[in-house]
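Take a look first, and then we can walk through it topic by topic.

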Amino acid sequence: MKNINIGVIGCGFMGRTHSNAFGKVSQFFDLPYRPVLKTICARNADRARAFATQWGYESAETDWRRLVASPEIDLIDIASPNDTHAEIAVAAAQAGKMVLCEKPLGRTPAESQAMVDAVESAGVANMVWYNYRRVPAVMLAKQLIDEGKLGKIFHYRSVFLQDWTISSDLPQGGEGLWRLDASVAGSGVTGDLLAHNIDTAMWLNGAMYEVTAMTETFIKSRKHNLTGKQEPVLIDDACAFLARFENGSLATFEASRYARGHKALYTLEINGENASIIWDLQDLHRLQYFDHRDEGRLRGWRSIHVTDGDQPYMKHWWVPGLQIGYEHTFIHQVADFLTGLGEHHNASPTFREAMRTDNVTAAVLQSAASRSWEKVAAC
Ligand code: SOE
């Protein structure tokens, strides 16, 4: 087993999920490579040092350019806010490092394209952290769809609902709240939440080519933490859109941060000719499955508890019946990345695959502005 020296940039929420994944993966999966938590990078030196101690990094750094230039580092992992993704990823690829990036890839298709070009022309391994694909129940849904169990797909519907920005006193900008600042985030719920729904949807159900959307910004101005001034809010607080998939199915998507009572309600439902599937993040280890081919007297929704060794990823964990959680999806994603590396291929989603999601979110925002159907750009 060879070591891979990891440099993680960003020590917020995502820096923690990624660090946990790199730190745990070798204890549960037999892999050709072992990640070594070499350096954590954050702008604030005290914070970076404290994070290094807490998570077991060998060193702390405050300048991402020094980290990218370091001959000791094999892989740069970008877990910093969206406005840093493109510049760091391009520099890391040009320095010959493997690059992992938190979603969404870029703030705009132009940024995403530059990132795709950089990793592809440097020929470096790359992947984007769309972690919900690696929930065992979602991976089981993928297997059932790929085996043709659902038959022809008619409908895909998916939501991602939260309620944490309802208060008008909540400022924008800075730690965690950069998600409300369009110049940093790129967009609101479309890039932050619906990007997950879209990534999973295209992975399960193929490409979508046309969308029509509406968005709303309910609170038009908020104090900005960095300037201290009241400033316009330029992100979308809520978004709903319709889409057509290339396989002929129709889709509805909705996301909001104003759905009182919902903290992270990510659900998806797929209706096929023979069978349907429902998954809900808040009951993430269960897959609801209805198969019309079952004997009529027994036909009904099955609630499959996805915890058995022959179900995706579960043989690596405890014993049948004992479930796992959110953080494990990131561990699975690193395991898949390292397995792919050993087999000389990239794990999905690559930068190019993640750019397709960015192209859909761009078409959604464009449609909300134009109030008409928009085509999704090919990539
Ligand atoms: C926002 O609140 C957020 O943390 C997103 O940034 C994540 O991508 C999503 O998984 C949960 O919600």
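Predicted model: local features only at pLDDT ≥ 70, side-chain atom pairs only at ≥ 80, totals over all residues.

Numbering starts from 1 along each chain as its sequence is written.

**Helix H10**
- H10 covers residues 351-370, and its end C-alpha atoms lie 28 Å apart, in agreement with the 28 Å that its 20 residues should span at 1.5 Å a residue (the expected span is 1.5 Å times one less than the number of residues).
- Because 17 of its 20 residues are buried, H10 is largely enclosed by the rest of the structure (buried: 20 or more other C-beta atoms, placed from the backbone, within 10 Å of the residue's own).

**The nonpolar cores**
- A nonpolar core is a set of buried Ala, Val, Leu, Ile, Met, Phe, Trp, Tyr and Cys residues joined through C-beta atoms within 7 Å.
- The largest one has 108 residues, and Ile40, Ile76, Ala89, Val99 and Ala141 have the most contacts inside it.
- H10 gives the most to this core, with nine residues.
- Both domain 1 (2-130) and domain 2 (132-374) give residues to this core, so it lies between them.
- Apart from it lies another core of five residues, including Leu180, Ala185, Val233 and Ile235.

- The protein is divided into domain 1 (2-130) and domain 2 (132-374), with bounds that come from an automatic or database domain assignment.
- Their centres, taken over C-alpha atoms, are separated by 23 Å.
- Domain 1 puts 35 residues into the contact and domain 2 puts in 38 (contact: C-beta atoms, placed from the backbone, within 7 Å).
- On the domain 1 side, H1 (13-28), E2 (33-41), H5 (109-122) and E6 (126-129) each supply at least two residues.
- The largest share of that side, eight residues, comes from H1.

**Around the ligand**
- Gln162, Asp192, His196 and Ala264 are the residues around the ligand (near: C-beta atom, placed from the backbone, within 6 Å).
- By class, this shell has one nonpolar, two polar and one charged residues; Ala, Val, Leu, Ile, Met, Phe, Trp, Tyr, Cys and Pro count as nonpolar, Asp, Glu, Lys and Arg as charged, and the others, Gly among them, as polar.

Terms used: Contact = placed C-beta atoms within 7 Å. Helix = DSSP H or I, 4+ residues; strand = E, 2+ residues; numbered from the N terminus. Buried ≥ 20, exposed ≤ 12 C-beta atoms within 10 Å, placed from the backbone.
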